[in-house]
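These are my notes on one structure, kept in the order in which I looked things up.

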Amino acid sequence: MINVDENKCIGCGACVAVDSEHFAFNDQGLSSVIKQEVTDSVKEAKDACPVDAITVENAGNEEEENN
Ligand code: SF4
């Protein structure tokens, strides 16, 4: 699953710019996940996040950092 840690997110918009299909700004101007589907672009968005607020967990191919 995809998760954005709102305590870490600074609302820079990088993930939304990289992958607007899966990430969008919420009412607080922070990123939220709008679609739970792990794709390469989700991983690119995760890599683009400057504060490592995004975690991606894929069944069978676990990838999680800085939890
Ligand atoms: S790239 Fe990271 S810090 Fe920037 S909006 Fe997305 S989750 Fe927040």
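**Entry 1, Ile2.** I began with Ile2, which is buried because 24 other C-beta atoms lie within 10 Å. For this term I used these cut-offs: a residue is buried if 20 or more other C-beta atoms lie within 10 Å of its own, exposed if 12 or fewer, and partly exposed in between, with C-beta atoms placed from the backbone. I found Ile2 in strand β1. Helices (H or I, at least four residues) and strands (E, at least two) are DSSP runs, numbered from the N terminus. Setting aside neighbours within four places in sequence, I listed the contacts of Ile2 as His22, Val33, Gln36, Val38, Val42 and Val56. A contact here requires the C-beta atoms of two residues, placed from the backbone, to lie within 7 Å. From Ile2 to Val42 the C-alpha distance is 8.2 Å, and the two are 40 residues apart in sequence.

**Entry 2, the model.** I noted that the model is predicted, that local features need pLDDT of at least 70 and side-chain atom pairs pLDDT 80 or more, and that totals for chains, interfaces and linings use all residues. Residues are numbered from 1 along each chain as its sequence is written.

I counted 2 helices and 4 strands in the protein chain. Read from the N terminus, the order of elements is β-α-β-β-α-β. The protein chain has 67 residues, and 24% of them count as buried. I also looked at contacts between residues at least 6 apart in sequence: 44% of these join residues at least 24 apart.

Which residues of helix α2 are buried? In this helix, residues 40-48, they are Val42, Ala45 and Lys46. They lie on the same side of α2, because they cover an arc of only 100 degrees around the axis. The arc is taken from the directions from the helix axis to the C-beta atoms. These buried residues pack against β1 (2-4), α1 (14-18), β2 (23-25) and β4 (54-56).

I then took Ala45, a residue of helix α2. Ala45 counts as buried, since 26 C-beta neighbours are inside 10 Å. Beyond four places in sequence, Ala45 is in contact with Cys15, Val18, Asp19, His22, Phe23 and Ile54. Ser20 is 25 residues from Ala45 along the chain, and their C-alpha atoms are separated by 9.4 Å.

I placed Asp19 in the loop between α1 and β2. Is Asp19 buried or exposed? Asp19 is buried, because 22 other C-beta atoms are within 10 Å. Apart from neighbours within four places in sequence, the contacts of Asp19 are Ser41, Val42, Glu44 and Ala45. Asp19 and Glu44, 25 residues apart in sequence, are 8.0 Å apart from C-alpha to C-alpha.

I listed the largest nonpolar core, which has 12 residues: Ile2, Val4, Cys9, Ala14, Cys15, Phe23, Val42, Ala45, Cys49, Ala53, Ile54 and Val56. Two or more residues of this core come from each of β1, α1, α2 and β4. Such a core is a set of buried Ala, Val, Leu, Ile, Met, Phe, Trp, Tyr and Cys residues joined through C-beta atoms within 7 Å. In soluble globular proteins, nonpolar side chains tend to be buried together. With residues up to four places away in sequence left out, Ile54 touches Val4, Cys15, Ala45, Lys46 and Cys49.

I looked up Thr55 in strand β4. Thr55 is partly exposed, with 18 other C-beta atoms within 10 Å. Thr55 and Asn3 are 52 residues apart in sequence, and their C-alpha atoms are 5.2 Å apart in space. Asp52 is in the loop between α2 and β4. With 13 other C-beta atoms within 10 Å, Asp52 is partly exposed. The phi of Asp52 is near 55 degrees, a positive value in a residue other than glycine. Most residues other than glycine have a negative phi.

How many residues surround the ligand? I noted 14, and the closest are Cys9, Cys12, Ala14, Cys15 and Cys49. A residue is near a molecule if its C-beta atom, placed from the backbone, lies within 6 Å of it.
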